[in-house]
Amino acid sequence: QLQLVESGGGLVQPGGSLRLSCTTSGSTLDVYGIGWFRRHPGKEREGVSCIAVNSGRTNYDITVKGRFAISVDKAKSTVYLQMDNLKPEDTGVYYCAADPSSVCSEWYFPISDMYTYWGQGAQVTVSS
């Protein structure tokens with residue numbers, strides 16, 4: 001069973017940057033698809049980005065495309081979400097999720113129900 005732990009959240013001013021890490025353990029990361037999701041206060045959880053670890057194919061929500069970048073370091077079993085030019089509307093709790101059956105590509109972003117394993121979340125606050 002895969003365990004996921006997010007880190008790297010915090011408070012940042014608009015226009016700033018943060019890098020979230022999703023450190024995994026308990027299973028080989030190669031067979032998984034990884035997704036980053038976020039929940040704004042009082043709203044439903046939404047997809048931010050995903051990556052198919054074995055192929056490297058990625059997808060981004062339109063609201064973050066060009067500002068966020070997802071990557072994976074297989075040697076460290078860690079998936080990153082680099083977030084640049086942050087906006088107040090990026091504020092929320094960010095979760096990483098994994099599933100061996102979720103297939104991420106430039107044409108397909110698996111919904112949250114497709115992921116079995118979840119981290120505990122990391123708070124990101126963008127405010128001046």
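Is Ser27 buried, partly exposed or exposed? At 32% relative accessibility, Ser27 counts as partly exposed, where buried means under 20% relative accessible area, exposed over 50% and partly exposed in between (1.4 Å probe, protein chains only). The model is predicted, so local features need pLDDT of at least 70 and side-chain atom pairs count only at pLDDT 80 or more, while totals for chains, interfaces and linings use all residues. Residues are numbered from 1 along each chain as its sequence is written, and side-chain values use heavy atoms, with hydrogens and water left out.

**Surroundings of Ser27**

- Ser27 sits in the loop between β3 (18-25) and β4; strands (E, at least two residues) and helices (H or I, at least four) are DSSP runs, numbered from the N terminus.
- Not counting residues up to four places away in sequence, Ser27 touches Leu2 and Tyr32, contact meaning heavy atoms within 4.5 Å.
- The side chains of Ser27 and Tyr32 are also joined by a polar contact of 3.4 Å. A polar contact is a pair of N or O atoms within 3.5 Å; within protein, one must be able to donate a hydrogen and the other to accept it, and residues adjacent in sequence count only if both atoms are side-chain atoms.
- From Ser27 to Ala69 the separation is 42 residues in sequence and 24 Å in space, C-alpha to C-alpha.

**Salt bridges**

- Side chains of opposite charge can pair when their charged atoms come close.
- The structure holds five salt bridges, each a side-chain nitrogen of Lys or Arg within 4 Å of a carboxyl oxygen of Asp or Glu.
- One of them pairs Glu46 with Arg38, with 2.7 Å between the closest N and O atoms. Glu46 counts as partly exposed at 27% relative accessibility, whereas Arg38 counts as buried at 3%.
- Arg38 also forms a salt bridge with Asp90, the closest N and O atoms being 2.9 Å apart. Asp90 lies in the loop between β8 (78-83) and β9 (92-99) and Arg38 in strand β4 (residues 33-39), so this pair ties together parts that are 52 residues apart in sequence.
- At 0% relative accessibility, Asp90 counts as buried.
- Asp90 forms a further salt bridge with Arg67, where the closest N and O atoms are 2.7 Å apart. This pair links distant parts of the chain, 23 residues apart, with Arg67 in the loop between β6 (58-60) and β7 (68-73).
- Both Asp90 and Arg67 are buried.
- Through shared partners, salt bridges join Arg38, Glu46, Arg67 and Asp90 into one network.

**Nonpolar cores**

- The largest nonpolar core has 28 residues, and those with the most contacts inside it are Trp36, Leu81, Met83 and Tyr94. Such a core is a set of buried Ala, Val, Leu, Ile, Met, Phe, Trp, Tyr and Cys residues joined through side-chain atoms within 4.5 Å.
- Two or more residues of this core come from each of β3, β4, β5 (45-52), β7, β8, β9 and β11 (122-126).
- Beyond four places in sequence, the residues that Met83 touches include Leu18, Leu20, Arg67, Phe68, Tyr94 and Val124.

**Surroundings of Thr78**

- Thr78 is found in strand β8 and counts as buried at 5% relative accessibility.
- The side chain of Thr78 reaches the backbone oxygen of Lys76 at 2.8 Å.
- Leaving aside neighbours within four places in sequence, Thr78 is in contact with residues including Ser21, Cys22, Thr23, Leu29 and Val72.
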